[in-house]
Amino acid sequence: MNKTLSLKQEIAYAAGMIGWSTMTNIIIVMLPYFYLPPSNAGLPPLVPQLVFLGLFNILSIIAASGRLVDAIFDPFIASKSDASTNPDGRRMPFMKLAIVPAMIFCALVFYPVQKSESLHNAWWLTITLCLFFVSVTTYIIPYNALLAEVTHTPRQKVKLSSYQQVGFVIGIILSACTNNFADLVQSNFLVANRSEAVQIAIWALCILSGLVMLMPVFFIDEKTFSVAKPTHIPLWPAIKNTFKNRNFKYYLISDFAFYTALSIISSGLLFFCTVLLGLPESEGGKFMGAMVMASLLFYPVVNFGSVKIGKKPFVLLAFGVLCLIFVTIFFLGKLPLGPYTQIYILVLSASFPLAALGILPTAILADIAQKDTLETGENQEGMFFAVKYLFVKLGQTLGIAIFAMLTIYGKDPGNDFGLRLNGIVGFGLCLIALLFFSRFKENTE
């Protein structure tokens, strides 16, 4: 009989998610706002708004290049982790190695070499982004593969995925509150320069992230809970094997579309608040907090309901709600309601999709990986999660790139059409996710 994690160990596992979620969401939330801020942000633009082929601006190209390096590295680290014979386990040694570099390079992303608009800043941003993504991937891929190995029933997978999702949304809240923390730095430490206050806030968040990423390493003995054996399939055949799984392909496409849409919302949150609704930038963290607190109310519904009727109906409903939310973004600031009413309707409506799409996809993928192991005899959990997170990162990159590209068509008060176009693009992406996941065959079907 395999040992199961105690509540303390489940919480320690979820804490790891808080750390890497905070850092990756700092990049998503703050990068466009810090380097190409709206005119009312009180920050100087740091990279030229150069446009290539009439569509791609420099920030979208930088984000894409950083993720491209990361995308190439993902399967490599998964293959190394899956095949590891380290006596301390296949996953934990890689996670320990990654924490300090991830902290340092996340913070350095926001330390441009010049304090004004410059191509030198563009090169610096490209290099630091690549190094951050490679570092954090070395933690994320083994971390997520571990979930399939230390849980042994569908109920355990959903439960641990729920704790993991709480960690993820805490990371989103912390990253969304970066400007709030910068306000505290300016008021309590007499830092007059806004850019410096943001940098100090980001350093503090990175250090906190590193500390909580250590918790799974300290509290979970991988060898006690995981009986998985190293796989002997070479890198490229292992990648191809995952794509032979029809269910995995439908899962992957819908997941890619969802994370692209989610990245658009995260990149645009501060712009939607300040430009479309005329609210202070510090309000963004409060709205994100309200959304997360409301989503917690749906956790028991998703947990118990998915056991009774299956995971698929909840995922499809969540994609449908997101479609409506993106349509609403297009009309923000033009509805016959006050700005606070509009934004609270939006974030509270998003609380159910946040719960369902936070908990269930990870548990679904763990089921896919476990079923594949039973059918093939090869423990390739790491590769399934690597391919998933390769597409997650490509989706996040595409989301940042789409948002940055659309700013060409207006990102300032009175000239905001580019921001509104994000609503139309997001609607299309969520519709694609819904259509492809409708073809997913759950075991209960």
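Let me start with a term: rings of Phe, Tyr and Trp (its six-membered ring) pair if their centres lie within 6.5 Å, with planes under 30 degrees apart counted as stacked, over 60 as edge-to-face and the rest as tilted. By that rule, a search of the whole structure finds 17 aromatic pairs. I will come back to two of them.

First, the ground rules. This is a predicted model, where local features need pLDDT of at least 70, side-chain atom pairs count only at pLDDT 80 or more, and totals for chains, interfaces and linings use all residues. Numbering runs from 1 along each chain as its sequence is written, and side-chain values use heavy atoms, with hydrogens and water left out.

Now the overall picture. The protein has 18 helices and 2 strands. Helices (H or I, at least four residues) and strands (E, at least two) are DSSP runs, numbered from the N terminus. Of the 445 residues, 60% count as buried. Buried means under 20% relative accessible area, exposed over 50%, and partly exposed in between (1.4 Å probe, protein chains only). On to contacts, meaning heavy atoms within 4.5 Å. Among contacts between residues at least 6 apart in sequence, 81% join residues at least 24 apart.

Next, helix α3, residues 92-108. The 17 residues of α3 should span 24 Å at 1.5 Å a residue, and the end C-alpha atoms are 25 Å apart, which agrees. The expected span is 1.5 Å times one less than the number of residues. Where does α3 bend? At Ala-98, by about 30 degrees, and a proline, Pro-101, follows within four residues. The bend is the angle between axes fitted to the seven residues ending there and the seven starting there. Pro-101 is partly exposed, with a relative accessible area of 28%. Its C-alpha is 8.1 Å from that of Leu-131, 30 residues apart along the chain. The buried residues of α3 include Phe-94, Met-95 and Ala-98.

Those three names come up again. Thr-138 sits in helix α4, residues 119-150. Is Thr-138 buried or exposed? Buried, at a relative accessible area of 9%. Leaving out residues up to four places away in sequence, Thr-138 touches Phe-73, Ile-77, Phe-94, Met-95 and Ala-98.

Back to the rings. The search gave 17 aromatic pairs. Take Phe-256 and Phe-391: their ring centres are 6.2 Å apart and their planes stand at 85 degrees, so the pair is edge-to-face. This pair links distant parts of the chain, with Phe-256 in helix α11 (residues 246-276) and Phe-391 in helix α17 (residues 381-406), 135 residues apart. Phe-256 is partly exposed at 25% relative accessibility. Phe-391 is partly exposed too, at 23%. Then Phe-258 and Tyr-259: centres 5.0 Å apart, planes at 65 degrees, so this pair is also edge-to-face. Both Phe-258 and Tyr-259 are buried.

Last stop, helix α12, residues 283-296. It has 14 residues and reaches 20 Å from first C-alpha to last, close to the 20 Å expected. How many of its residues are buried? 10 of the 14, so α12 is mostly covered. Among them are Gly-284, Gly-285, Phe-287 and Met-288.
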